[in-house]
Every structure is written in structure tokens, then in C-alpha cells.
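Please read the points below with the model open beside you.

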Amino acid sequence: MKAFTAFLLATGCSVVSLAAQAADLPGAIGKGEGDLNVVAWEGYADDVWVKPFEQSTGCKVHRKYVGSSDEMVALTRMGGGKGFDVVSASGDAALRLIFGHNVQPVNMSLIPAYADLMPELKEPGFNTVKGVHYGVSYEWGPNVLMWNTKFLTQAPKSWAVIYDKTYAGMITVPDNPIQIADAALYLSHAKPELGITDPYELTQAQMDAAVALLKEQHSLVRKYWALASDEIDLFKSGDAHVGAAWPYQANTLRAAGVPVQDSIPDEGATGWADSWMISAHAEHPNCAYLWINHVLTPKVQAQQALSFGETPANTKACAEMDAQQAGSCKQYHADASSDYFASIHFWKTPVKDCGNGKKECLDYGAWQRAWQQVKQ
């Protein structure tokens with residue numbers, strides 16, 4: 001909560017104003033308005049579950065895909081935030097949208113599946129502030145190391161491979177300031193003397209070390225990918241042999257016959273936990289609630305998980321996953337203990353409060369500036 005308070009002060013917002021905003025919640029879901037404008041990660045609004053939703057509700061889905069949380073925040077704020085109804089925000093974007101008054105509180109009594117969410121995802125700090133829900137947890141998973149087994153015949157055990165000059169011109173990583181956390185996580189093991197304990201809470205000295213590593217990597221990178229499809233194309237064409245990815249890319253490439261594998265290296269992994277959030281200026285709020293209820297059902301949660309290679313928030317999706325693909329519940333850790341969830345360093349918005357009472361960590365604005373330095 002210290003981090004939330006610091007973020008509130010940094011953005012000039014107050015808990016009082018958020019509480020006032022939370023007071024006006026819808027009491028029921030009315031008839032759909034006929035349209036739904038969705039801003040989402042690529043693969044989050046697939047026809048497999050979109051078409052049944054459109055048929056059952058009459059809400060026509062209009063999709064806009066993004067490749068980074070920065071792009072997501074920018075797109076949802078465009079035109080005063082009136083161009084979208086729902087957004088699938090990750091943890092590093094959700095607080096920015098909440099404290100920027102870009103999203104509205106959600107009445108969880110109108111979301112039946114809420115009762116079946118993982119305990120860790122019912123009131124997570126990235127979508128719930130002072131007991132007020134501004135989003136509904138959806139899916140989660142790790143950021144993985146992916147490689148083409150034709151060119152890397154031995155499975156790499158460390159993230160060191162994406163900083164290795166041996167693979168110059170064959171590496172691809174996301175074009176995203178939060179990628180700094182991946183470098184920080186690697187350095188927390190490779191250079192423990194830096195004292196990095198949280199890859200999202202970096203002092204200037206720790207940031208300098210991460211930037212130095214990423215600048216060295218810059219000359220080795222074939223291309224920084226924005227959309228998941230960008231990385232898929234790079235591996236299909238043979239222009240990239242190894243890189244940082246989501247399970248979605250690995251699944252898609254394997255289905256296309258490209259010999260790739262993916263893993264969580266010895267240092268561990270960063271990851272994401274996404275939430276569906278409703279625009280503060282949603283023109284189709286009924287369709288928005290209908291959409292969230294649809295995608296939170298066990299069937300759609302399972303379809304999404306298997307399509308993207310991630311883990312559903314709804315605990316009842318586990319059986320549905322196995323019904324659709326035998327053994328997939330265990331494969332994607334839908335039945336894993338809370339210890340596995342806790343082992344992933346989930347994206348969050350960096351703030352000045354280091355969590356230890358000191359204000360010497362760098363906020364997200366500094367991360368954005370640092371990422372631009374990396375890419376110069």
C-alpha cells in the first residue's frame with residue numbers, strides 16, 4: 001500500500017476522489033447496446049469465443065490489438081478515453097489507468113465467476129485499491145525464453161543466451177520499458193553485489209547496470225518486437241533464433257511446424273497477470289459487463305489459456321482445460337500451488353517507494369527514459 005500511496009501522490013490523485021468515483025456502480029446489467037470496442041493483447045479476442053458472444057448478446061466486437069502496455073495506455077486515453085469500452089490491462093498498466101481516471105469501478109456482484117477466482121487474484125494490488133475493484137482478473141503466465149532447436153541444439157538454461165555475442169543478429173526481445181525488469185532479474189543472479197531484490201524496484205545504480213547490459217545487447221538484437229505476430233514472423237523467416245517471448249508465440253510457431261521450444265530459465269521469469277477493465281467513458285457498458293462475464297466462464301477461460309499458453313484465473317477452468325486437451329491443466333499450472341504463483345515476478349508499475357521506507361527507486365517515467373537510452 002506504500003507503493004500505491006506514492007503513486008497517488010505522484011499522479012496528483014487522491015483516495016478521496018477514487019472513492020467518490022466508486023460510489024456510482026451499476027445495479028444491474030441491461031440489454032446490450034449492439035457494439036463493444038475492445039483494446040487487448042493480440043490473441044485475447046479470438047473468433048472462437050468472440051463469435052458465440054456476438055450471437056448470444058448482439059454485441060458486435062471491434063478489436064484493436066496492442067504490443068505493449070505503453071501503447072495500451074496511450075490508446076485507451078486517446079480522444080479522452082471515449083474510443084474503447086474494455087481493455088485487457090496488465091499489472092504495469094492497470095494502476096496508471098486507475099489513477100488516471102481512465103477506468104471505472106466494477107460491481108463484482110454482477111460478475112458471477114468472481115467467486116471462483118484464485119484467492120490471489122480476487123483483490124490483487126494492481127486492480128483493486130482500498131477495497132474498490134477497477135478490474136476483474138483474467139489470465140496470467142510467465143515470460144519465457146524461446147529458441148529454434150534447429151540452430152540451438154542444446155536447451156539454454158540461462159537468460160544469458162540473449163546477451164551472448166554468439167547469437168548476434170539472431171536475438172529478438174520485446175520493445176517495452178518493462179523489459180528492463182528482465183535484465184534486472186538476470187543481473188540479480190549474475191551480479192548479486194548489485195543488491196537487486198525486486199526487478200521493479202531499482203535504484204539509480206541498479207538501473208545503470210541494467211541499462212549498460214541492455215545497451216550491449218542492442219547491437220545483438222535483430223529486431224525489437226511490438227506485436228506477438230512480429231516475433232512469430234521473425235522465427236518463421238529464420239531471422240531470429242532465440243528471444244524473449246510469451247507462450248503464445250511458441251504455441252503458434254509449433255502449430256505452424258517451426259521447431260521451437262520454450263522454458264523458464266534458472267534465474268526465474270517475469271510475468272503478467274491481466275485484468276479486464278471498463279472505460280470510465282464506456283459508451284457500451286452493458287456489452288462490457290456481458291463480455292467480462294462471457295470470458296470469465298470456465299469454457300472461454302480454458303479456450304483462452306490453451307490458445308495463448310497461459311493460466312486462467314477461474315479455478316473451475318482446470319477441468320474444462322483437460323476436457324479440451326488432456327493434461328493441459330497441469331501443463332499450464334492451473335492446478336499449481338500458491339508457491340508457483342508467488343515465484344513469478346509479475347509486472348507492476350515502478351514507483352519511487354522502494355518498499356523499504358526509502359524513496360530512492362526510479363518511477364516509471366525514469367524507466368521510459370532509460371529504455372529510450374537503450375535503443376539509441
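1. Asp116 and Lys316 meet through their side chains in a salt bridge, at 3.8 Å from N to O. A salt bridge here is a side-chain nitrogen of Lys or Arg within 4 Å of a carboxyl oxygen of Asp or Glu. The two residues are 200 apart and link distant parts of the chain. Asp116 is in the loop between strand S4 (103–104) and strand S5 (128–129), while Lys316 is in the loop between strand S14 (311–312) and helix H12 (317–324). Helices (H or I, at least four residues) and strands (E, at least two) are DSSP runs, numbered from the N terminus.

2. A note on the source: this is a predicted model, in which local features need pLDDT of at least 70 and side-chain atom pairs count only at pLDDT 80 or more, whereas totals for chains, interfaces and linings use all residues. Residues are numbered from 1 along each chain as its sequence is written, and side-chain values use heavy atoms, with hydrogens and water left out.

3. How many salt bridges does a search of the whole structure find? The search finds 11. Side chains of opposite charge can pair when their charged atoms come close. Lys51, Glu54 and Lys60 are linked in a network of such bridges.

4. Arg63 and Asp47 also form a salt bridge, 2.9 Å from N to O. Arg63 lies in strand S2 (residues 60–66) and Asp47 in helix H3 (residues 47–57), so the pair ties together parts that are 16 residues apart in sequence. Arg63 is partly exposed at 33% relative accessibility, and Asp47 is partly exposed at 38%. The cut-offs are under 20% relative accessible area for buried, over 50% for exposed, and partly exposed in between (1.4 Å probe, protein chains only).

5. In the salt bridge between Asp353 and Lys359, the closest N and O atoms are 3.2 Å apart.

6. Glu267 lies in the loop between strand S12 (260–263) and strand S13 (270–279). Glu267 is buried yet has no salt bridge, and the nearest side chain of opposite charge, Lys157, is 11 Å away. For charge, Lys and Arg count as positive and Asp and Glu as negative; His and the chain ends are not counted. Leaving aside neighbours within four places in sequence, the contacts of Glu267 (heavy atoms within 4.5 Å) include Ser158, Trp159 and His189.
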